[in-house]
Amino acid sequence: MSDNSNWHGTTIVLIRKGKDVVVAGDGQVSLGNTVIKSTAKKVRKIHNDEILIGFAGATADAITLFDKFEAKLDEFKGNLKRAAVELAKDWRTDRILRRLEAMMIVADKDDIFLISGSGDVIEPDIPICSVGSGGFYAYASAKA
């Protein structure tokens with residue numbers, strides 16, 4: 001069994017101003033104090049480039065959830081809120097999915113959601129959201 005407690009270092013931040021949305025991620029993958037990759041793609045455009053997604057956590061878990069979320073978007077014809085809620089329900093209740101360790105931020109021109117494995121779908125009060133071990137620093141900087 002692998003010990004993922006040494007994997008850390010992700011920072012994902014999302015900011016919306018009006019109908020413009022930006023999501024940024026650091027692209028770094030670390031094992032302990034060693035950077036083993038600096039060009040990971042943790043931020044993507046999906047659903048005809050109308051939705052931005054950023055994820056933090058175990059890489060394989062995040063990619064699995066990314067694929068599941070894309071399928072939910074297709075199933076619900078691009079309805080971001082419905083896809084987010086349905087993914088969170090599956091993530092929380094599915095025996096295999098609930099073991100995945102990752103968090104996601106998803107956004108379109110109207111909505112922002114943070115989705116977690118505990119079944120949370122959080123719509124932030126202000127148009128700033130962040131995840132990852134550096135998320136609090138990025139949030140504070142964006143808010144300033």
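How many bridges join strand β6 to strand β7, and in which direction do the two strands run? Six bridges link β6 (residues 51-57) to β7 (residues 102-107), and the pair runs antiparallel. Look at Gly54 for one of the contacts: its bridge partner in β7 is Ile105. Keep in mind that this is a predicted model.

Now widen the view to the sheet. Strands of a sheet pair through backbone hydrogen bonds, either parallel or antiparallel. Here five strands make an open sheet, and the pairing is antiparallel. Read across, the order is β5-β6-β7-β8-β9. The edges are β5 (43-46) and β9 (121-122), each of which pairs on one side only.

Helix α2 packs on this sheet. It touches β6, β7, β8 (112-116) and β9. The direction of α2 makes about 10° with that of β8.

Turn next to the two helices. Helix α1 spans residues 59-75, and helix α2 spans residues 80-93. Their axes come within 9 Å and cross at roughly 135°. Angles over 145 degrees would count as roughly antiparallel, and the crossing angle here is roughly 135°, so α1 is oblique to α2. The crossing is right-handed.

Which residues make the contact between the helices? From α1 come Leu65, Lys68, Phe69, Lys72 and Leu73. From α2 come Leu80, Ala83, Ala84, Glu86, Leu87, Asp90 and Trp91. Sorted by class, the contact of α1 with α2 holds eight nonpolar and four charged residues, with no polar ones.

Definitions and conventions:
Residues numbered from 1 in each chain as written. Predicted model: local features only at pLDDT ≥ 70, side-chain atom pairs only at ≥ 80, totals over all residues. Heavy atoms only, no water. Axes fitted to C-alpha atoms, helices over the stretch in contact; angles between N-to-C directions. Helix = DSSP H or I, 4+ residues; strand = E, 2+ residues; numbered from the N terminus. Parallel < 35°, antiparallel > 145°, perpendicular 65-115°, else oblique. Left-handed = near helix turned anticlockwise from the far one by under 90°. Contact = heavy atoms within 4.5 Å. Nonpolar A, V, L, I, M, F, W, Y, C, P; charged D, E, K, R; others polar. Pairing = 2+ DSSP bridges.
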